[in-house]
Amino acid sequence: MSENNYQQNGQNQYYQNPDPQQNQPQYYNQVPNPGAPMAPQEEKASVGLAILSFIIPIAGLIIFLSYRKKRPKTAKVSGICALVSFILGIVSFAISGNNDVATNAPATTSDSAYTQTVDETQTTTQNDDNSVQAESDNANDNTLGDYGCVVKSATVTKDWTGEDAVLITYEFTNNSSDAISFDVALDARAYQDGIGLETAILDEDTDLWVDVDIKPGVTKEVRKAYVLRDTTTPVEIEVSEWISFSDDKIVTTVEL
């Protein structure tokens, strides 16, 4: 073929003049269009971003979502590192929590419950206004995790509807590092004949302090009222931590 048989089109592609007996031109020496987009090239995963994802799992998630299309290897490795770090954190937290429970568990109790009994003949006084003072006779095992709690007294009263109620006074000690209220730190429940008593609302203007934050190292008396089924059956108070891996609780029986 002679050089005169080739022509250049608008895309830098050379072709032979079509043969009269053929319908399509024959292209030769095709050159890619320099303006056409290039396919993304697969790259090596970034070690630095992988380490960052392991140290800060949330950063690994962000990297995975941001780079999964343009840098798939880096996105995949970062996501795996973040997931592994997150799982290891959960396992470590569970192990440390179990160790704390084993360390703080009482050595002399088999049922993980501290029992306080209030004897009516020894530690209670009955007044004309149905006031019952209930002093604990076991003040050595009154600790639940970072908090201390002692049932100080019980007073028979009326709720806002006129129903009989008992007003329990607790001595609450916050030994944690943060300010916290009694109701957030501890779960205090009352029972008669093994059946739970509902929380009572008093009609009198009384500051119970149960929902007020107590600073670390401070001991404060707080009060909580419960609706009674009758005024003769003893009331059993059970106090436990709201958030804990332990089943420990303080049990106090109040004779009305």
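Which residues does Leu-186 touch, not counting residues up to four places away in sequence? Leu-186 touches Leu-144, Tyr-147, Cys-149, Phe-172, Val-239, Ser-240, Glu-241 and Trp-242, where contact means heavy atoms within 4.5 Å. The structure is a predicted model, in which local features need pLDDT of at least 70 and side-chain atom pairs count only at pLDDT 80 or more, while totals for chains, interfaces and linings use all residues. Residues are numbered from 1 along each chain as its sequence is written, and side-chain values use heavy atoms, with hydrogens and water left out.

The chain has five helices and 13 strands. Helices (H or I, at least four residues) and strands (E, at least two) are DSSP runs, numbered from the N terminus. Of the 256 residues of the chain, 30% count as buried. Buried means under 20% relative accessible area, exposed means over 50%, and partly exposed lies in between (1.4 Å probe, protein chains only). Among contacts in the chain with a separation of 6 or more, 60% are between residues 24 or more positions apart.

Confidence comes next. The pLDDT is the predictor's confidence in each residue, from 0 to 100. Its mean over the chain is 75, and 64% of the residues reach 70 or more. Over residues 1–11 the pLDDT is below 50, and this stretch has 20 contacts in the model beyond near neighbours in sequence. Over residues 106–140 the pLDDT also stays under 50. For residues 106–140 the model has 68 contacts beyond four places in sequence.

The next topic is the core. A nonpolar core is a set of buried Ala, Val, Leu, Ile, Met, Phe, Trp, Tyr and Cys residues joined through side-chain atoms within 4.5 Å. In the largest one, which has 28 residues, Tyr-170, Phe-172, Phe-182, Leu-186, Ile-237 and Val-239 touch the most other members. Two or more residues of this core come from each of β7 (147–158), β8 (164–174), α5 (182–185), β9 (186–192), β11 (219–227), β12 (235–241) and β13 (249–254). Strand β7 gives the largest share, five residues. A second, separate core has five residues, including Ala-165, Leu-167, Leu-202 and Ala-225. In soluble globular proteins, nonpolar side chains tend to be buried together.

Aromatic rings also pair in this model. Rings of Phe, Tyr and Trp (its six-membered ring) pair if their centres lie within 6.5 Å; planes under 30 degrees apart count as stacked, over 60 as edge-to-face and the rest as tilted. The structure holds four aromatic pairs. One of them joins Phe-172 and Phe-182, edge-to-face, at 5.5 Å centre to centre with 85° between the planes. This pair links distant parts of the chain, with Phe-172 in strand β8 and Phe-182 in helix α5, 10 residues apart. Phe-172 is buried, because its relative accessible area is 0%. Phe-182 is buried as well, with a relative accessible area of 0%. Ring pairs link Tyr-147, Tyr-170, Phe-172 and Phe-182 into a cluster.

Cys-149, one of the residues that Leu-186 touches, counts as buried because its relative accessibility is 3%. Cys-81 also counts as buried, at 19% relative accessibility. A disulfide is a pair of cysteine sulfur atoms within 2.5 Å, and by this rule the count comes to zero.

Ser-53 lies in helix α1 (residues 47–55) and is buried, with a relative accessible area of 0%. Leaving aside neighbours within four places in sequence, Ser-53 is in contact with Gly-60, Ile-63, Ser-78, Cys-81 and Ala-82. In helix α2 (residues 57–67), the buried residues are Ala-59, Gly-60 and Ile-63. Seen down the axis of α2, these buried residues fall within an arc of 100°, so they line one face of the helix; the arc is that of the directions from the helix axis to the C-beta atoms. On the other side of α2, Ile-58 and Ile-62 are exposed.

Two loop residues complete the picture. Ala-45 is found in the loop between β3 (26–28) and α1, and counts as partly exposed at 32% relative accessibility. The C-alpha atoms of Ala-45 and Thr-74 are separated by 4.2 Å, although the residues are 29 apart along the chain. Ile-243 is found in the loop between β12 and β13. At 78% relative accessibility, Ile-243 counts as exposed.
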